[in-house]
Amino acid sequence: MSKEFTFEEVAKHNKEGDLWIIIDSKVYDLTRFVDLHPGGANVLLANSVAGKDATDAFFGLHRHEVLLRPQYKRLQIGRIQGEEEIIKPREPGALSKVPYAEATWLADGYHSPYYSDNHRRFQKAVRKFFEEVIQPEALRCEENGKRISQEVVDKMSDLNVIAMRLGPGKHLKGRTLMGGIVKPEEFDYFHELILNTELARFGTRGFVDGMLNGAVIGLPPIWNYGSPELQAKVIPEVLSGKKYMALAITEAFAGSDVGGLQTEAVRDGDYWIVTGTKKWITNGTFADYFTTGVKTENGLTVLLIERGEGVTTKPIKTAYSPTAGTAYVTFDKVRVPVANTLGKVGNGLQVILSNFNHERWMVVGTSVGAQRVIVEECLKWSSQRMVFGKPLTSQAVIRAKLARMIQRIEACQNWLEIITYQMNNMSYNEMSSKLAGPIGLLKQFVSKAGRETAEDATQVFGGRALTTTGMGKFIENYHRTSGFDAILAGAEDVLGDLGVRQAVKKMPAYTRL
């Protein structure tokens, strides 16, 4: 918009039937919009903003994204002569300049022993792709409750995002990762951590699980314990995004008590006959395959069950969006080839537990990413929200809440990075024996920190934290869904106890006070 006005010219348009305002140096003609204003005409006519600079008033009520919507951009008729726009949206892929909005390794002038220039290039590319392609899809799915579209899944598959979310390993061999930014042999757990933390930045907790988390937790038992024939069939289908998968362990009868599963498999020649139910199965409503824990006469066993006759799924309503595909799964005398047995019969507990470390670490990564967004939101809001003529940050009680949020997220980030460094330098067996306890303790610590931050953020935003749209929408979503991190992949108190029990087992016999 090339037309320029002076403050004095704008001031003349200050009444009903002729109303202009200024927001961040831009001039808007609201004459025809007054009666359409969602908050009513009086907000504009009786709030001393007509004909004036309404920047502070606007940002006390609305997010910047409102100005970018086509219906509101059309209201701009020019700009103030000699004034420059100050408030601009970040470019896709760019870093936030808000203190503590980014992990320390990404902040200007800071250093880290863990991340290389390749990690930084990878992070920039991932954020740009996620913001341009994944974020719009996440917002749509979070709202309409539908699963991620195949079009977006195909774009992820082209960059091998699905494969990378399963971590480093042989499944990456020969693949072009993120357009060639990182070679398969270079890809490590810090690259994967970047994927997890970036995914959680959209304030769409249901979509985080809906973005094929079932494959992340359901496919590793196939390549670790499946037959070559099974691997050759299933792994390409899932990594290409053509088939979806779910991990079906939890039941109404048994959650953290994996040994208490009731779903039963009875041998019938070359088949298993599977009967039972599973509950709270992420991605279950749209899964083609189910990596399933069953009990047999020889003990707990894991089978790969393909959706077909006798397999039915029913959505479960949860506190977050149906886009996660949370399901109640019924197996009614399902015939499953014996060749679909994962590992040895009766050795199912090992198959299940071997995958838990990675799953719990993944949950921690997404939780840390989400918490950092909440810290950024609170720092922005408390700096722009005016109360008693001063910003919220002038209140000591608000600064104290911000201090606790920052302390928690930095503690979570640093512990997570230390664990990730160990993962990069340990074999799979070493991780299983040495990191199960520490990861359990880490997950408990991070999930508790998240809920405390959710409570503090709600107090910072006040009533706005209770609405699903507008200024507090990220806070509302996080407050409502942060408890999922405390339950999924193992309840936090169970994991805390696991960490201590493993520590006690390793106590040297000769130690005394």
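A cavity is here a set of grid points where a 1.4 Å probe fits but cannot get out, whereas a pocket is an open set. The model is a predicted one. By this rule it holds three cavities of 30 Å³ or more.

**Second largest pocket**
- The space in the second largest pocket amounts to about 1,200 Å³.
- Its lining comprises 44 residues, and those nearest the centre are Phe356, Glu359, Arg360, Ala489 and Gly490.
- Elements that give two or more residues to this lining include helix H9 (205-210), helix H10 (213-218), strand E8 (271-281) and helix H13 (348-384).
- H13 gives the most, with 11 residues.
- The lining divides by class into 24 nonpolar, 15 polar and five charged residues.

**Largest cavity**
- Eight of the lining residues are nonpolar, four polar and five charged.

**Second largest cavity**
- The volume of the second largest cavity is about 150 Å³.
- Among its 15 lining residues, Ala200, Gly203, Arg205, Ala370 and Tyr478 lie closest to the centre.
- H9, H13 and helix H17 (473-481) each give two or more residues to the lining; the largest share, five residues, comes from H13.
- This lining has seven nonpolar, six polar and two charged residues.

Definitions and conventions:
Residues are numbered from 1 along each chain as its sequence is written. This is a predicted model: local features need pLDDT of at least 70, side-chain atom pairs count only at pLDDT 80 or more; totals for chains, interfaces and linings use all residues. Side-chain values use heavy atoms; hydrogens and water are left out. On a 1 Å grid over the protein atoms alone, a cavity is a set of points where a 1.4 Å probe fits but cannot get out, and a pocket is an open set with protein on both sides within 12 Å along at least five of seven lines; lining residues have an atom within 4 Å of a point. Grid points are joined across faces, edges and corners, and a volume is the space filled by probe spheres set on the points. Helices (H or I, at least four residues) and strands (E, at least two) are DSSP runs, numbered from the N terminus. Ala, Val, Leu, Ile, Met, Phe, Trp, Tyr, Cys and Pro count as nonpolar, Asp, Glu, Lys and Arg as charged, and the others, Gly among them, as polar.
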